[in-house]
Amino acid sequence: MTSKRFYHIGFGQDDLGSSPPRIALLSGDPERSHLIAQTYLQDIRVLSENRGLNSYVGYLPNGRRILSATSGMGAPSLSIVVNELVQVGIRQIIRIGTCGSIQPHITVGSIVISSAALCRQGAANDIAPVEYPAAADPFLTVALVKAARELEVEYYIGITASVDTFYEGQERTDSANPYLMRSLHGITEEYRRLNILNYEMECGTLFKMAGVYNFAAAAICGVVAGRTVSENIILEQRDIAVKNAIAIAVNAAEKLE
């Protein structure tokens with residue numbers, strides 16, 4: 001019986017062949033997913049370029065089959081893609097993203113590996129209760145740390161604030177809405193004092209889905225903004241940070257047992 005193609009990711013189990021991949025590198029940006037496939041994978045095949053949720057399958061140099069997929073921006077989009085990836089057989093997901101640091105010692109251009117997330121996301125609340133832990137898989141996380149050390153990339157590991165909005169939710173006032181709700185005033189300083197390292201918009205929901213769906217998840221982000229200094233993204237450092245995050249994730253995926 002032929003398996004169905006899923007509406008959002010645009011492919012199904014039959015499209016993955018007789019030796020389907022079990023691990024996916026998941027990027028919010030379709031261009032990043034394409035870059036990973038073109039730069040690091042061999043014998044690449046386009047699975048789908050549907051709705052901007054581009055997916056490619058190929059081989060790492062050690063012969064491991066792997067998926068480079070796109071989640072789109074934000075937790076609601078990610079939740080759809082991850083649900084469908086799990087249905088086609090993916091059992092390990094490494095999110096490769098970007099973030100803004102909220103600790104002064106975490107510099108733009110460095111890497112944050114999330115051990116867990118403070119999850120302030122509506123999508124996650126549809127997956128599990130607010131109290132449900134949003135924790136990364138320890139084995140995938142250690143693999144990322146080992147890869148960062150091997151590649152001699154500056155990295156930090158700790159808790160990430162995973163929120164739904166880029167502007168208001170991350171206490172940005174330089175936007176179309178400079179008037180934040182009272183509950184958001186001072187939230188970045190509060191998180192800083194709780195030893196939270198950074199802001200991003202997806203990993204909390206990913207981690208909760210991993211716990212509920214029974215797969216392994218980890219997250220690595222390139223730091224593209226230093227929120228203790230400015231709200232702005234530093235474009236000059238973005239490409240370096242993203243390149244390093246990708247290299248670490250690929251290295252870790254290649255060495256997983």
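**Burial, backbone and helix packing**

With a relative accessibility of 18%, glutamate 171 counts as buried (buried is under 20% relative accessible area, exposed over 50%, and partly exposed in between, with a 1.4 Å probe and protein chains only). The model is predicted, so that local features need pLDDT of at least 70 and side-chain atom pairs count only at pLDDT 80 or more, while totals for chains, interfaces and linings use all residues. Residues are numbered from 1 along each chain as its sequence is written, and side-chain values use heavy atoms, with hydrogens and water left out.

**Exercise 1. Positive phi**

Determine where glutamate 171 is found, and state whether aspartate 43 is buried or exposed.

Step 1. Glutamate 171 is found in the loop that runs between β7 (155-163) and α5 (187-193) (helices, H or I of at least four residues, and strands, E of at least two, are DSSP runs numbered from the N terminus). Its phi is near 60°, a positive value in a residue other than glycine.

Step 2. Aspartate 43, likewise not a glycine, has a positive phi of about 50°, but its place is in strand β2 (residues 42-48). Aspartate 43 has a relative accessible area of 63% and is therefore exposed.

Step 3. For a glycine, turn to residue 89, which follows α2 and has a positive phi near 110°.

**Exercise 2. Helix α2 and its partner α6**

Find which residues of α2 are buried, and which residues of α2 and α6 make the contact.

Step 1. Helix α2 (residues 75-87) has 13 residues and reaches 18 Å from its first C-alpha to its last, close to the expected 18 Å (the expected span is 1.5 Å times one less than the number of residues).

Step 2. Its buried residues are Ala75, Leu78, Ser79, Val81, Val82, Glu84, Leu85 and Val86, and these pack against β1 (23-27), β4 (65-70), β5 (92-101), α3 (122-127) and α6 (203-213).

Step 3. The axes of α2 and α6 come within 10 Å and cross at roughly 30° (axes are lines fitted to C-alpha atoms, for helices over the stretch in contact, and angles run from 0 to 180 degrees between N-to-C directions). The two helices are therefore roughly parallel (under 35 degrees is roughly parallel, over 145 roughly antiparallel, 65 to 115 roughly perpendicular, and the rest oblique).

Step 4. From α2, the contact involves Ala75, Leu78, Ser79, Val82, Asn83 and Val86, and from α6, Thr205, Leu206, Met209 and Tyr213. Sorted by class, this contact of α2 with α6 has 7 nonpolar, 3 polar and no charged residues (Ala, Val, Leu, Ile, Met, Phe, Trp, Tyr, Cys and Pro count as nonpolar, Asp, Glu, Lys and Arg as charged, and the others, Gly among them, as polar).

**Exercise 3. Helix α7 and its two contacts**

At what angle do α1 and α7 pack, and at what angle do the axes of α4 and α7 cross?

Step 1. Helix α1 (residues 30-40) packs with α7 at an angle of about 60°, the axes being 11 Å apart, and the two are therefore oblique to each other. Arg32, Leu35, Ile36 and Tyr40 of α1 meet Val242, Lys243, Ile246, Ala247 and Val250 of α7, a contact of 7 nonpolar, no polar and 2 charged residues.

Step 2. In α4 (residues 138-150), the buried residues are Leu140, Thr141, Ala143, Leu144, Val145, Ala147 and Ala148, and what covers them includes β5, β6 (111-120), β7, β9 (216-226) and α7.

Step 3. The axes of α4 and α7 (residues 235-255) come within 8 Å and cross at roughly 120°, and this pair is therefore oblique. Ala143, Leu144, Ala147, Ala148 and Glu150 of α4 meet Ile248, Ala249, Asn251, Ala252 and Lys255 of α7, and the contact of α4 with α7 has 7 nonpolar, 1 polar and 2 charged residues.

Notes:
Contact means heavy atoms within 4.5 Å.
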